[in-house]
Amino acid sequence: MSFEREINCHDFTRRFDGFLDGEMDAHSLRSMAIHASHCGSCGADLEHAESMQELLVRAVEAEADRIDSSRLWRGIESRLEPAPAPVLHRLRDRVAGLRWAPAVPALAVGGALAALLALLFWPVAAPSDPTRVADNHAQIDRIESSASHVAVWSEPAEHTTAIWVASYEPEGVP
Amino acid sequence: MNIAVPLARRWLIPFAAVLSAIFVRLAVADSEVALRVRTVLATDSGSDFDQRLTGYRRQLRGLFHYTSYRLVKEEERHCPFGLPNNFEIPGGRYLEVLPVALKENRLRLRVLLIEGTSPPPLDTDFTVPNRGNIWVGGPYNPDGVLLISIGAEAMQ
């Protein structure tokens with residue numbers, strides 16, 4: 001682990017906006033990230049800023065979704081030349097003339113049954129939110145690796161465990 | 001009455017099929033486990049944090065010191081205990097996850113990371129809390145490093 005690019009809280013605050021926007025070189029970005037992960041106060045500031053950024057993005061997306069584009073489309077449609085009869089209508093007219101048309105209700109019931117079966121066997125929707133376990137500590141019983149570098153460590157908040165397997169050392173690992 | 005009997009016969013088979021499906025579904029539900037494998041590309045270029053990884057922010061920031069994290073693949077499988085599952089990992093790798101058992105609200109998993117024909121970089125047995133996860137990091141990617149979250153939840 002190398003700290004030759006270590007920065008202090010003052011530097012972190014001064015360069016915070018640039019970091020948040022990703023407008024700095026890779027070395028500086030890394031130094032800032034390392035500082036944020038070691039300094040509780042700056043880490044919390046970063047987490048807060050990122051949350052705010054996400055809220056803003058969501059708010060903008062929600063506003064965009066709320067815009068009623070139906071009137072816009074009606075305006076465009078009124079200026080378009082009349083289109084030929086839709087394929088669906090022509091198809092429906094042809095189907096109506098077929099002999100097996102009375103079988104449609106039976107097909108509908110069959111379809112409904114198929115949908116019900118699909119629902120029954122469809123995997124249960126899992127919560128999209130990942131783990132919310134107070135103590136996420138993993139207990140490793142056995143580990144074998146062909147990699148030259150193997151490391152196991154945990155983070156302090158939820159005690160989540162990481163296993164590192166690579167031909168190079170994990171950078172910045174505590 | 002002449003009409004009612006054929007109608008009942010006509011509905012008997014679909015009704016029995018639906019009932020059977022319900023019973024089978026209920027029977028297998030207790031012994032199922034949901035496995036979730038999420039692959040994250042971590043780099044030191046930019047400071048983007050993929051919004052889909054919001055729930056993992058604390059874990060990623062606490063465990064690794066990269067500046068940018070992007071979810072590149074996520075997959076979820078529901079399977080019974082004792083059945084190995086192969087998850088494809090970018091870069092021609094495979095992750096074989098075998099849910100062994102659930103005991104005292106902890107899930108025992110066996111995980112094998114396979115890279116081509118070379119000896120596996122990882123072969124491990126461990127337990128995680130039910131609904132917990134573990135990270136495997138290190139597989140090289142031309143754009144950065146892959147971090148793989150392996151999560152499991154017993155479906156009870």
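Which residues is I150(B) in contact with, leaving aside its neighbours within four places in sequence?

1. Basis of the model. This is a predicted model, in which local features need pLDDT of at least 70 and side-chain atom pairs count only at pLDDT 80 or more, while totals for chains, interfaces and linings use all residues. Residues are numbered from 1 along each chain as its sequence is written, and chains are lettered from A and ligands numbered from 1 in the order in which they are written.

2. Chain A. Chain A holds 7 helices and 3 strands, and from the N terminus the order of its elements is α-α-α-α-α-α-α-β-β-β; here helices (H or I, at least four residues) and strands (E, at least two) are DSSP runs, numbered from the N terminus. Of its 174 residues, 15% are buried, where buried means that 20 or more other C-beta atoms lie within 10 Å of the residue's own, exposed means 12 or fewer, and partly exposed is in between, with C-beta atoms placed from the backbone.

3. An open sheet of 6 strands runs in the order β2(A)-β3(A)-β7(B)-β8(B)-β1(B)-β2(B), with mixed pairing; two strands pair if DSSP finds at least two bridges between them. Its edge strands, each pairing on one side only, are β2 (149-154) of chain A and β2 (68-80) of chain B. The link between β3(A) and β7(B) is parallel, over 3 bridges, and W164(A) stands opposite G137(B) in β7(B).

4. Strands β7 (residues 133-141) and β8 (residues 144-155) of chain B pair in the antiparallel sense over 7 bridges, with I150(B) in β8(B) as the bridge partner of I134(B). To return to the opening question, I150(B) is in contact with V37(B), V97(B), L109(B), V111(B), N133(B), I134(B) and V136(B), neighbours within four places in sequence being left aside; contact means that the C-beta atoms, placed from the backbone, lie within 7 Å. The largest nonpolar core has 45 residues, and I150(B) is one of those that touch the most other members, including also L95(B) and I148(B). Such a core is a set of buried Ala, Val, Leu, Ile, Met, Phe, Trp, Tyr and Cys residues joined through C-beta atoms within 7 Å, and β8(B) gives the most to this one, with 6 residues.

5. Strand β6(B). Because 6 of the 8 residues of strand β6 (residues 122-129) of chain B are buried, this strand is largely enclosed by the rest of the structure. β6(B) pairs in the antiparallel sense with β1(A) over 5 bridges, where T124(B) is the bridge partner of I143(A), and also with strand β5 (residues 106-115) of chain B, antiparallel over 8 bridges. In this second pairing F126(B) is the bridge partner of L109(B); the two strands form a hairpin with 6 residues between them, and G116(B) in the turn has a positive phi of about 60°.

6. The interface. In total, 51 residues of chain A are in contact with 52 residues of chain B. L29(A), found in helix α3 of chain A, counts as buried because it has 23 C-beta neighbours inside 10 Å. Not counting residues up to four places away in sequence, L29(A) touches F19(A) and M24(A) as well as D44(B), S47(B) and T67(B).

How values were computed:
Two residues are in contact if their C-beta atoms, placed from the backbone, lie within 7 Å.
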